[in-house]
Amino acid sequence: MKLTVWTYEGPPHVGAMRIATAMDKLHYVLHAPQGDTYADLLFTMIERRNKRPPVTYTTFQARDLGSDTAELFRSSVVDAYDRFTPQAMIVGASCTAELIQDDPGGLARAIGLPIPVIPLELPSYQRKENWGASETFYQLVRALAGPNAPTPGSEKPPRDETRRPRCNLLGPAALGFRHRDDVVEITRLLADLGVDVHVTAPLGATPEDLTRLGEADFNVVLYPEIAGQAATWLKRTFKQPFTTVIPIGVGATREFVREVAELAGLDPKPQLASEASRLPWYSTSVDSTYLTGKRVFIFGDATHVVAAARVATEEFGFDVVGLGTYAREFARDVRSAAERLGVEALISDDYLEVEEKVAELRPELLLGTQMERHIAKRLGIPCALISAPVHVHDFPARYSPQMGFEGANVLFDTWVHPLMMGLEEHLLGMFREDFEFNDDAAPSHLGAGHTAPVAAAAATFTTPEDSQDAGQTPAAQKHEQKHEQKHEAEPQTSVALWTEEADRELKKIPFFVRGKARRNTEAFARDRALDRITLETLYDAKAHFGR
């Protein structure tokens, strides 16, 4: 373990909380010290839920360690059952309580409650949040659906032809990135195809619903990080096949429809003929041609990273210069995707390593988590979020799925808008000295004779140093200053002076690559012992580095 100001995943008991919070009539008794109750805020403040998670904490304190903490746990379990009357209960320990070794599972079984009590063994110092969510869901499915399993070796009976095919939707959970809206979108898509959703779990399911999972014809796995292990067990136990295509993007959604149709014995052509996504037309329109070849870096959970890489290259025409994940359990999938794109995968849960890689590659768009948003802001790079963990504003009140044909529309809007804002900022910088658009010019609708009301105020706060970095965002200026300070500390000849004409031309270069252009030109001048950088020097450097 190490001290950090940011983590992509919490400990595994937070993953268990995500499953408990997503479900109804399930209660989680967590053996934990008083300070671990902070996790409630993840759901009430960040996800904006209107009720707190169904979790009872034993909240032992330092003085309790000299007494019987096991009795404190037993009384908490009994009180939770009497107060909430759940259909089932899960019990476990937080990372701190794990050190006490009170055995919550054994203690809970000894109480003899009239409901299923599922113990969780979540090694807090070896595993993390997504693994904890996957393990919790798997243990719940196995404990609740297992008693209804057919005899080993028996054949699965054929589907009754008088009813429509039905499937389970597996994987959506609390704190998931757009899980709520993805469920709505995929349920509609399946209904249009002629498939009924039997159970959606864990989101919105009860323990009683989990006992009926085996009644479905097959399973749709939306998020393998959470549902992959449970789906594998259901396939082995109930002979239920499951989908492997994640329907993010138009191409993947079409493949998903074909895969589901094959599992259900249906014709996918009518559904494919009526797809409603506007992304294909937008991404090939004249207005979108400036997107072609944009350099993009992608980081997040494995499901969304692999899907985003495909959408970026095949449907947007982007150039993926790097991708990675913090989910080490799915590192192989991300490495395979990176190999297909000819880049090296970054497998790390250290945000400082991610920032260093982004700074090195200098992409034109960053797709990632909440931390990548902060990284992009510091480096002056456009950014869009594609994966958890995210903050409160990425749990929107509006309908905003990532999956299905409507999800593809959302992806286009989400990814393109930051680039359009970057283009707008570049144009403002390009025309900064224009007679009509400069800071001293009055708005044209006021007519002649008017002066800009902000000109004097702007001049008051302008320093000679500002002119050199005009057109850059504060974050980009800060990064540029850090780079210049680093080079000043190195033994090298003095930097050539820029002529006014060359400096004006430099400002026309987009802000997100202007720093690189400045460094390349100065290096070009230094190698040739030039003491002044003229417009011709700038063009010569561009031709030299463009070879």
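**Entry 1**

Is R164 buried, partly exposed or exposed? I looked up R164 in this predicted model and found a relative accessibility of 37%, so R164 counts as partly exposed. The cut-offs behind this reading are under 20% for buried and over 50% for exposed.

I then examined what the side chain of R164 meets. It forms a salt bridge with D196, at 2.8 Å from N to O. I noted where the two partners lie: R164 is in the loop between α5 and β5 (166–170), and D196 is in strand β6 (residues 196–201). They are 32 residues apart, and the pair links distant parts of the chain. D196 has a relative accessible area of 33% and is therefore partly exposed.

**Entry 2: Other salt bridges**

I recorded that side chains of opposite charge can pair when their charged atoms come close. My search of the whole structure returned 23 salt bridges.

One of them pairs K508 with E505, whose closest N and O atoms are 3.6 Å apart. I looked up the accessibility of each partner. K508, at 37% relative accessibility, counts as partly exposed; E505, at 22%, also counts as partly exposed.

I next turned to R518 and E522, whose side chains meet in a salt bridge of 3.8 Å, N to O. These two residues are four apart in helix α21 (residues 511–527), which means that about one helical turn separates them. I found both R518 and E522 to be buried. I also noted a network in which salt bridges with shared partners join K128, R328 and D349.

**Entry 3: Helices α5 and α8**

How do α5 and α8 run relative to each other? I looked up helix α5 (residues 129–145) and helix α8 (residues 224–238), which pack at an angle of about 25° with their axes 7 Å apart. Angles under 35 degrees count as roughly parallel, and α5 and α8 are therefore roughly parallel to each other. I recorded the crossing of α5 past α8 as right-handed.

Which residues make the contact? On the α5 side I listed N130, A133, S134, E135, F137, Y138, V141, R142 and A145. On the α8 side I listed E225, I226, A227, Q229, A230, W233, L234 and F238. Sorted by class, the contact of α5 with α8 has 11 nonpolar residues, three polar residues and three charged residues.

Definitions and conventions:
Residues numbered from 1 in each chain as written. Predicted model: local features only at pLDDT ≥ 70, side-chain atom pairs only at ≥ 80, totals over all residues. Heavy atoms only, no water. Axes fitted to C-alpha atoms, helices over the stretch in contact; angles between N-to-C directions. Parallel < 35°, antiparallel > 145°, perpendicular 65-115°, else oblique. Left-handed = near helix turned anticlockwise from the far one by under 90°. Contact = heavy atoms within 4.5 Å. Nonpolar A, V, L, I, M, F, W, Y, C, P; charged D, E, K, R; others polar. Salt bridge = Lys/Arg side-chain N within 4 Å of Asp/Glu carboxyl O. Buried < 20%, exposed > 50% of the residue type's maximum accessible area, 1.4 Å probe, protein only.
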